[in-house]
Structures are given as structure tokens and as C-alpha cells.
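Take a short walk through this protein model.

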Amino acid sequence: MPDNKHLSGPDPKDRDEKKALAANGKTDKQSKKTKKPKKEVKLNKKGKKRLRDRTWFRVVLSIFMVCVIVGSVAATSFVMYVFSTMKDDDQLLDLDKVKLPYTTIIYGQDAAGNEVELTRLESESNRIYVSIDQIPKHMQNAVIAIEDERFRSHKGVDWKRTIAATVNEIVPIFSNRQGGSTITQQLIKNITNDRSTNALEGYARKAREIFRALNLEKTYSKDRILEAYLNTFHLGNGTDGVQAAANLYFNKDISQVSIAEAACLAGITQAPSAYDPFTNPEANKKRQLQVLAKMYELEFITKEEYEAAKNEELVFNTAAANQGTKIESYYVDYVIEQVSDDLEKLGYSEEDAISLIYTGGLRIHTPMDTSVQSYLEAYYQDDSNFPSDPGRNLGEEPQSAAVVMDVNGNIVGMVGGRGVKETNRGFNRAVSPRPPGSSIKPIASYGPAIDRDLVNWSTILEDQPVRGNWPKNYYNAYRGKMTVEEGLKKSVNTLAVRVLQKVGITESFQHLRDNLGVTTLAEEDDPSGVSDYTESSLGLGGMAYGISPLEMAAAYVPFTTGGVYYQPRCYTKVEDQFGNSLLDKSNPTTKQALSPAGAKVMNQMLQQVLRAGGTASGYGFGYQPQGGKTGTSTDEDGYAHDIWFVGFSPYYVTSVWWGYDFDTNLNEDGYVPAGVWQDVMGHIHEGLAYKDFPSASGVTTRTYCVKSGKLASDTCKEKATGWYKTSNVPTETCDGTECLTDEEKKQKEEEEKKKKQEEEEASRSASISASKSASISREEEENKNSSSASSSNSSSGSTPSNGSSSSSSSGTTTKNKTVS
């Protein structure tokens, strides 16, 4: 509003001031000149801070205005971009014409390496459209209660939930991630497949979703929108929509489901795998109760209906769960899980990821070899390939799993159980951890020890208890000194622990976790209170959780590749329905886990396991170079619970596990995993050309003494050829004495003792003879001297004096002493 003084002329105060000045004979100009210095003094003393404040205010205001302008331009550009991507919405959001199902195709490779179609994840067979008047009101209300309680009142967007979710993204208030999408918005996601792969596109997608929801609700009624949603949302096990779900889980038409069954179905959609009634009934029940409680809170059901529904025992249609449903392989199950996990890393929810996989028209390219997969499935469905386990009396036979991986980390075959597979995305033993037993020794103890020059092929260690009577060996004895190579070949527990001690618990643990991709190790602060920072876990494989056959196979790959670890791949690329890349693993993820020289030495050591004297002797196949390691986890009484064999060739690495699904002891006769490995590897190598493992610099061979571990000499009785890193070759040569047996050593000691005694006796005899000779010589000399003296005395005719007599007596005494 304009200042009044500029609209109404001079201020009356100014006129009065001028009159006063005139009365004093001063003009207004003179007065100002007089007052000016005084005003300047006031400004200098009191106005500086005010001037500075005004300057800063103008700067801040200018910055703010610039930000407002830039923000407005950016917001305008963003909105224009969002609207530009919605030009086909009239057709895309036409609920009467939209084509909902999009078939996802999964590809593999045949034996010649040509890409072939493996399967189609066709959602049409599991989506049966029903109108809203065929869907019970309590089914509708169950979904509304748990998914969007204000569905009937909002205009497509629940601003309260949207603002709460947005704030929670910036400042986490709620422990769980809050969803702000309404049923209308979720329907739009289902029919448009509008997804985002980065944060900026995520904001654009959310904005499109909001505008579309507002427009959709202007076009269609609430019942029409709800009908479309109830026919499109995913409910697990390949089903979309309530009709297909009712058929599958309860063998009923949707019109026949009870309140309790409706709540069960409504609860599945948030996390279809976690709340699957077939595989996770307890979690599903808990979720069902949450839905019922919400329905009662919103007065969709009465107190009596609520109590009855809570207590109703649900009877699931498990016998007919897969009628009309194609059962996919364990391999395809794993592909779906991995693609879902990787989509979630891009920001998708589990529900959105699974929905996109089954209905998004994706093209998933995998390295599966159809010839390998087909053989594995046929082999595992034939019970004659596995022995029964008599005496268990448990009502079921042991289970098994196998993973075949090429030396570049590509999973070419996988089977997660014996017999005919009966469900999709069920329990897969190939990716479930179990204690690995001695099969952990090469990757946790011997591998890092060889690589770091802590031991070599012929290092001598004691096969004696490390502490007390621990650990025990499978042969229930201790055999004294032996080489590292023999300890690995014969799976000697004491040597494995001693080698681990040289590596160190922490270093071994980190090697498994950081270099070999083992994800199931129990850290020191594990919530369950267990830890794998122990000699038993890392030295003997008695782990808290264990390692899966898949990760065991991957951990052995570096022994065939010069030490390079390849992250396992079950798919190489995922494209959307238009051919755009969604996920790309064309370039494998690798890490140098061991040096090429260390890997080469370990490769040669593991080849000995399949040769004479090794724990897998007799289980080799064909003519390809091959190596591997046995493994058995046991309880405190020594009974086996898990039996393994992990082995490799220049072409493939195969891991096989054998045991019960529950914790009980197992019959070890026949060493089943090694037999399975032999059969599978023998078959898949048929027709393949001979191939050797890669060579490595820094490796040499030497002949060593088996008993001493030193370089052999001509006197050594037992010699062998060992592989060594050039940085860790034995420096001493055996002198022949160290390689004798205990009996030979005892015999040699006795011979040396006898010889020494003989030499001492000879020496004493010689000494006595010499003494006698010396005595005789002295006696003769004395006699001679005595004769000379007598002769001299006789010639002089003198009579001996008392002194002479005494001297003679003395001489006689000396003579008698010498003789005695």
C-alpha cells in the first residue's frame, strides 16, 4: 500500500518546523547545513550494523529468489517431462481394452552352445477373470482393509499415506518402509509395468502414477477399479487374481471362500514368498490374523465373525496345488529368485519384482546347458542311483543335491532334491547351507597356507592330538609325522587344524568371506550366539550354518583357473518386453583369490585325493585330469550327518551333498556323493577333447624324502615327486637317517651300539698290550742297569755301605710294584 504522506502533500510537522526556523532568522537550507554534521555522527556510530544487516538481507533474498526461479524452472521441466511420457495413457489405461498378461521367456543353451528356449512363465493359465459381483464383499473388504483402508473415500491418491511415506524416506520415522500407494496406483503399476531403475526416474514414475490415478478415478467407478485390481494382483505360486488363487489354495470358486480364507488370500500379496500358505503356513497365519484384525477395526466384520474367522482351521488344497501348473526345474526356480533379488536392489519391492518376472514379458538369458540339466534331473529322479538307508526307521530316505558349474562361474546344471519335483519355488537344497566337513579343508586351511608359503607339499607335521584327545581322525588313531600332502590326501584332521593354526582363524575366515564368496559364515557377533571363528568350524567344517553346494562349487573354481574366483551366474542378461536391458551380467565378476602358483600346487595336491591312498581313490572318471575332496560332518559321537564330494576337471566343477533334511545320523557305506560325482562328471565329459589345467610360473617339481620331507638323497628309501612354489622349496637334503622306520632306527642303534662296544674293547686290549710291553722294557732296562752296577762294585772290591744297601732295597721294591 502506498505511503500516505506522498499522497497528501507536505507533512504538517515539516511546516511547523519551517515557521520556527523563519522566526529565528534561519532558512531551511541553513538549518540542514547546521544539522548535517550531527546526523553523520549518528549514522557512523549507530548505523553501521544496520547497513550491514540490510546488505546481508539483500544477498540472502537474492539467493532465495534465484533458488525459487531455478526451482520453478526445474519443477516445470519435470512436470512437462512427466506429461510427455503419458501421451498414450488414453489407450494404456483403458480397462476394457488393456492386455494384462505378458509372457516371460527364459533361455538356455544346448550342448552345441546355441541359445534355446527353456520355458515360458505364462501367467494366463493362472489368471481367471471374474466380475466384481462374483467376488464376495468380505473378499473385497479384506483387500481394502490391508492394502488401502481409505479406498472408498480418496480420489485415487491417499495424500496422508503419500506424505507420510515421503517424509519417512527422508527422515526414517517408522521402522519399516512405508508404502504410500493406493489400490488405484497399484492397479496402474500392474497394467502399465511402469518401473524405474534410478532415483530420478523413480520420482518421475511416482509423479506419473499420481496423475494417472487421479485421472483413472475420474473415468472409472470405484467398483470397476477394484474389480480390475482383484484380477491382476499377484498371489504367489504363479497365480494372479483372486479366482486363480482360490482355485489353487482352497480348490474353490472365489464366490465360495469364507472370511478366514479371504483374509488368508489378501495377506499373501505383500510378500508372496514369505506368506506362501504351502511353504510358510505359520507366517501366512500370522498375516491372516493381521488382516482380520484390520477388518474388525474398520467394522467390515462383526465381533462374532472376527472370532469365528480367527478360530477357523484352514484346509489347503496341497494335493491339487499344482494341477494345471507347469512345474519348473530347480534351476529356473533359482533364476527367478536371483532376478527378483537383483530387481529389489534397483528399488523394486518383492511383490513388484515377482509380478514383473511373471507378467512383465521379460527375456531372461541363462548359461544353463540343457544336456547337463536334463541328465541331472533324470539321474536324481531314478531311486536306483541312490542306496536306501536301512536301519534308520525314519519313514523317508536321505536327500541329495548337486550343482555343476563351468570354470568361468556359469551354473550349467542344478538339482535340489531326489525324486520328481512337485512344487514351484519350494525348498532347494542346492542353495541351502549344510556343514561341509572336510571338504572345507582345501579352501579354509591348505589353500591359504600354501599360497602364503606357510607350508609346502612336503612340510612335516605331527599327526597327534592338538589338545587333549582332540581332534580325532576317522581311522581312530594317530600316526605321528607325515607330510602336508599326505594329510590332505588322507583327510587327517590333526594336520588340517595345525595348518589352520599357521594361517590364523581371522585370516581363514576373511579368505572364505572376502575371496571365495561364502555368505553363510557365522560372525563373532551373530545374533544366534554361534560363531565360525573356531578351529572346529574352519579346520574341520563343523560350521554353525554351513555352506551351500552352490557356494562350495564356486569356492573350488580358483583351483582350476589359476586362482581366479568367479561369482556364480545363473543368468547373463535380462531384457524387458521391448528388448531394453534391465539387468546385465554379461561380464562376470571376478577376484584373484589365490596366486596362480598357489592354485597350481593346490590343484596337484587335490588330484592325489583321487589316486591310490586318497580318500576318493577309485572314484575317478575317464581320462581327463581331475581332483577333489571328500567331506563328512559328524556329531560328538562320530556319526555322520552330512557327506560331500566336491571335484573338478579343466571343464567343470561339481559339488554333491548327501544327507537327511533333518538332523540325524547317516549310513556312510558306499560314499554316495563321490559315486554321484563320478557318474555325472563321466557323462557330461563324454565326447570332450582332452584338456589340461592352466600352467603357472613360479612352480617347480622336486623329488623329496617321504619320511623327512626334505629333498631326497640316494640313501633315502622312500621318495616321491612334489609340486612347490619356487618361493617355498625345501632347502635341506635328507641324509638317509631321517627316513628310516622306527624298527630300522632301533636296529641301526643296536648295531651302532655293538660296534661301539667292540671298538672300545679293542681299544682297551690295545692299551693293555702297550702297557705290558712298556713294563717289560723298563724291567729289562733295570736289570741291565743292575748288572752293570754289580760288575762295577766287584771290580773295585769295596764293601757295600748302609746307603747302598738301602738303595738296593728300594730298587727291589720298585721292581716288585711294576710287576704287580
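In which loop is proline 471 found? Proline 471 sits in the loop between strand 6 (460–463) and strand 7 (480–483). Helices (H or I, at least four residues) and strands (E, at least two) are DSSP runs, numbered from the N terminus. The model is predicted: local features need pLDDT of at least 70, side-chain atom pairs count only at pLDDT 80 or more, and totals for chains, interfaces and linings use all residues. Residues are numbered from 1 along each chain as its sequence is written, and side-chain values use heavy atoms, with hydrogens and water left out.

Most peptide bonds are trans, and most residues other than glycine have a negative phi. Tryptophan 470 and proline 471 are joined by a cis peptide bond, with omega about -5°.

Asparagine 476 also lies in the loop between strand 6 and strand 7. Its phi is positive, about 55°, although it is not a glycine. Asparagine 476 is exposed, at 68% relative accessibility. Buried means under 20% relative accessible area, exposed over 50%, partly exposed in between (1.4 Å probe, protein chains only).

Now move to the loop between helix 18 (484–489) and helix 19 (493–503), the place of serine 491. Serine 491 is not a glycine, yet has a positive phi of about 55°. Serine 491 is buried, with a relative accessible area of 6%.

Glutamate 751 is partly exposed, with a relative accessible area of 48%.
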